[in-house]
Amino acid sequence: MTTATPVTASSATVLAEAGRRRTFAVISHPDAGKSTMTEALALHAKVISEAGAVHGKAGRRGVVSDWMEMEKARGISITSAALQFSYRDCVINLLDTPGHADFSEDTYRVLSAVDCAVMLLDAAKGLEPQTLKLFDVCRYRGIPVITFINKWDRPGRNALDLCDELGERIGLQAMPLTWPVGDAGHFRGVLDRRGGHFVRYQRTAGGATAAGEEHLPPSQAEAEEGANWTRASEEAELLGASGGEFELERFLNATATPVLFGSAVLNFGVRQLLDLLVEIAPRPTARLDAAGDPRELDTPFSAFVFKVQTGMDRAHRDQVAFARVCSGVFERGMVVTNAATGKPFATKYVQQVFGQQRSTLDTAFPGDVIGLVNATALHVGDTLHAGKPVVRFPGLPSFAPAHFAVARPADLSRSKQFRKGIEQLESEGVVQILRSLRRGDGAPVFAAVGPMQFEVAAHRLDAEFKSPVRLEPLPYTVVRRLADPKQRSIVDGNRTEVLTRTDGVDLALFPDSTALGVMRRLHPEVRLESLVAGT
Ligand code: G4P
């Protein structure tokens with residue numbers, strides 16, 4: 001049982017502040033418009049006066065950083081952090097989920113720190129592979145999902161088809177709250193299904209400012225929009241008949257998803273998304289500790305580290321640990337305990353970080369993310385807490401890897417440091433380490449969700465442990481858990497291999513899904529279980 005004494009003096013404040021927090025991440029496939037949406041959200045919330053400040057692409061003022069050498073060389077970001085802004089009477093925390101080539105376990109881990117996700121789909125493409133992977137993690141964690149169908153300003157798929165796809169492929173009933181008027185490419189605005197009125201958008205130059213909106217009653221919409229309006233209202237009625245009415249409970253238990261249509265680049269539909277977050281996204285609630293007891297929001301400060309970023313500041317090569325506050329008030333300067341080591345951690349330097357923008361943070365409440373600078377002693381999954389007793393949140397799970405490489409020290413005289421480095425990287429969750437009985441030399445196998453993790457690991461072995469690594473990629477892309485170790489010899493063969501994770505789980509690796517299919521056909525008795533992204 002958690003016996004921590006509530007912070008009575010500020011209990012009411014903590015509960016009120018937590019109640020104002022909406023902490024979410026955008027899950028999407030590269031190019032669906034996540035950066036554009038982030039800008040648009042920030043723009044609506046008046047954090048940034050001109051669109052472009054968050055975006056890191058050429059020609060715009062970027063905050064996507066270029067800290068590490070390799071990051072700079074490849075022009076991509078390997079960071080993730082949180083953007084905080086206020087909207088209406090709420091404080092919104094938008095946690096970044098790195099994508100593109102920097103897709104990694106960090107991307108998944110961010111989802112352990114949010115209360116809600118916005119699934120951003122490209123209207124022309126619908127569900128895409130990376131979105132599906134991230135959605136798997138949301139499903140595993142029971143995170144409610146709001147769907148935003150983006151790029152409606154250009155030709156795309158039919159709105160009804162897109163909604164059907166959600167039900168058919170991921171079993172999520174679509175509950176559209178707005179319905180597009182005009183086909184993709186001829187976007188006029190949306191029918192607000194709750195109010196019944198037409199929200200007509202007015203373009204602004206290049207979407208650089210929040211789009212203007214006109215609200216028209218149905219009769220006027222019909223008169224002015226003709227067939228487009230009639231079709232939209234007929235389709236919207238159809239939705240009602242097919243289980244698409246909004247029910248809060250189904251959203252919260254993650255069996256259905258409210259759907260909005262819009263265009264991030266033109267700032268269409270973004271306000272509705274913000275309003276929806278404020279109205280229905282879950283507020284922070286008591287998090288379960290490792291013993292399964294709820295850590296109430298108004299107990300003393302506690303937080304868990306979901307990401308550690310090395311070398312964010314090129315001048316100082318510092319290390320920032322990002323922690324999500326779970327209970328109590330965080331005040332800059334307070335000394336907290338790292339539950340993993342029992343050691344104190346002084347929080348003199350705390351920041352809110354998003355891309356290159358950093359600002360010093362003084363106070364944080366449940367749902368907020370704090371960036372702890374000089375946090376060399378903190379690792380992913382660590383719990384921080386104030387006072388006694390010790391609080392420990394469950395460690396973060398490792399995720400189904402898709403990239404594998406044998407790791408050998410390039411300099412044999414540094415083998416000891418190499419082993420130490422590998423242990424350290426594994427404990428921080430930089431890469432997963434697998435072992436093989438078959439490989440006589442006992443060389444560890446690195447396993448990762450994204451190849452960028454290998455580069456980070458190699459860079460750190462070299463820079464911190466002075467033990468450069470030689471990586472030999474293995475030709476596997478598909479992994480399953482081998483439930484029964486006695487069946488190992490059936491699977492361990494020429495083209496497939498069984499490796500053991502440090503926690504003792506046996507993983508069967510296949511070059512592709514065809515090879516997995518062949519194994520299943522030839523040996524239906526072998527129990528090969530899907531690794532949900534979150535196991
Ligand atoms: P990402 O972070 O998810 O990878 O996507 P990003 O926002 O970078 O958007 C990918 C491309 O899609 C960008 O075009 C962006 O302008 C465009 N885009 C985003 N939202 C919309 C939308 O609602 N409608 C339309 N038509 N396009 C959209 P780009 O040409 O790759 O880059 P840029 O030069 O425009 O920045």
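Predicted model: local features only at pLDDT ≥ 70, side-chain atom pairs only at ≥ 80, totals over all residues.
The axes of H2 and helix H10 (residues 270–280) come within 9 Å, crossing at roughly 75°. Angles of 65 to 115 degrees count as roughly perpendicular, and H2 and H10 are therefore roughly perpendicular to each other.

Which residues make the contact between them? From H2 it's Ala-40, Leu-41 and His-44, and from H10 it's Val-270, Arg-271 and Leu-274. Sorted by class, the residues of this contact come out as 4 nonpolar, 1 polar and 1 charged.

## Around the ligand

H2 turns up again at the ligand. With 3 residues, helix H2 (residues 34–44) gives the largest share of the shell there. How many residues surround the ligand? There are 16, and the closest are Gly-33, Lys-34, Ser-35, Thr-36 and Ser-263.

As for the make-up of that shell, 6 residues are polar, 6 are charged and 4 are nonpolar.

Now for the inside. In soluble globular proteins, nonpolar side chains tend to be buried together. Here the largest nonpolar core has 140 residues, and the ones touching the most other members are Leu-111, Val-114, Ala-117, Ala-323 and Phe-446. Helix H12 (residues 452–465) supplies the largest share of this core, with 7 residues.

Let's zoom in on Phe-446. Leaving aside neighbours within four places in sequence, what is Phe-446 in contact with? Its partners are Phe-404, Ala-405, Ala-407, Val-431, Ile-433, Phe-454, Ala-457 and Leu-471.

Conventions:
Residues numbered from 1 in each chain as written. Near = placed C-beta within 6 Å. Helix = DSSP H or I, 4+ residues; strand = E, 2+ residues; numbered from the N terminus. Nonpolar A, V, L, I, M, F, W, Y, C, P; charged D, E, K, R; others polar. Core = buried A, V, L, I, M, F, W, Y, C linked by C-beta atoms within 7 Å. Buried ≥ 20, exposed ≤ 12 C-beta atoms within 10 Å, placed from the backbone. Contact = placed C-beta atoms within 7 Å. Axes fitted to C-alpha atoms, helices over the stretch in contact; angles between N-to-C directions. Parallel < 35°, antiparallel > 145°, perpendicular 65-115°, else oblique.
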